[in-house]
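Subject: Handing over the structure

Hi,

Here is the structure I promised you. Have it open while you read, and I'll walk you through what turned up.

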Amino acid sequence: MRDGALHFVGFRGDEYGRAVRLFGRPDFIHIGWDRWARAEVMTGDTALFACGTAEDGPSAYSFPDLKED
């Protein structure tokens, strides 16, 4: 059991399935690292990046939200 939420950032292909097998299903999926994604990652959360890190500056452009059923 982990503390906080698990965020996947920037996953677009097969790496998503591998990350789920290793870390479990994410609580949040962010298409990219923008200012909205950055604001949603709270202290105690884990942000897993397909490419880059949380230390990278967020994109100047916003990414669309994902719709879930």
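Let's start with alanine 19. Leaving aside residues up to four places away in sequence, alanine 19 touches Phe8, Phe11, Gly24 and Leu48. Keep in mind throughout that this is a predicted model.

The largest nonpolar core has 6 residues, and they are Leu6, Phe8, Phe11, Ala19, Val20 and Leu48. Which elements each supply at least two residues of this core? They are strand S1 (6-9) and helix H1 (15-23).

Now for the rings. Searching the whole structure turns up 3 aromatic pairs. In one of them, phenylalanine 8 and phenylalanine 11 have ring centres 4.9 Å apart and planes at 35°, so this pair is tilted. In another, the ring centres of phenylalanine 8 and tyrosine 16 are 5.6 Å apart, and their planes sit at 80°, so that pair is edge-to-face. Together, Phe8, Phe11 and Tyr16 form one aromatic cluster.

A few words on the chain as a whole. It has 2 helices and 3 strands, and if you read along the sequence you get the pattern β-α-β-α-β. Of its 69 residues, 23% count as buried. The accessible surface comes to about 5300 Å², and 52% of that belongs to carbon and sulfur atoms. If you take the contacts with a separation of 6 or more, residues 24 or more positions apart account for 50% of them.

You'll find alanine 5 in the segment before S1, and with 13% relative accessibility it counts as buried. Not counting residues up to four places away in sequence, alanine 5 touches Asp27, Phe28, Asp45 and Thr46.

Next, have a look at aspartate 34, which lies in the loop between strand S2 (28-30) and helix H2 (35-40). How far away is the nearest side chain of opposite charge? That side chain belongs to arginine 35, and it is 7.3 Å away. A salt bridge needs the charged atoms within 4 Å, and aspartate 34, although buried, has none. As for what aspartate 34 does touch, the list is Pro58, Ser59, Tyr61, Ser62 and Phe63, again without residues up to four places away in sequence.

Tryptophan 36 and serine 62 are 26 residues apart in sequence but 7.5 Å apart in space, going from C-alpha to C-alpha. With a relative accessible area of 49%, tryptophan 36 is partly exposed; the label "exposed" does not apply because that takes over 50%.

Cheers

Technical notes: Residues numbered from 1 in each chain as written. Predicted model: local features only at pLDDT ≥ 70, side-chain atom pairs only at ≥ 80, totals over all residues. Heavy atoms only, no water. Helix = DSSP H or I, 4+ residues; strand = E, 2+ residues; numbered from the N terminus. Buried < 20%, exposed > 50% of the residue type's maximum accessible area, 1.4 Å probe, protein only. Lys, Arg positive; Asp, Glu negative; His and termini not counted. Contact = heavy atoms within 4.5 Å. Phe/Tyr/Trp six-rings, centres within 6.5 Å; stacked < 30°, edge-to-face > 60°. Areas by Shrake-Rupley, 256 points an atom, 1.4 Å probe, with all protein chains shown as cover. Core = buried A, V, L, I, M, F, W, Y, C linked by side-chain atoms within 4.5 Å.
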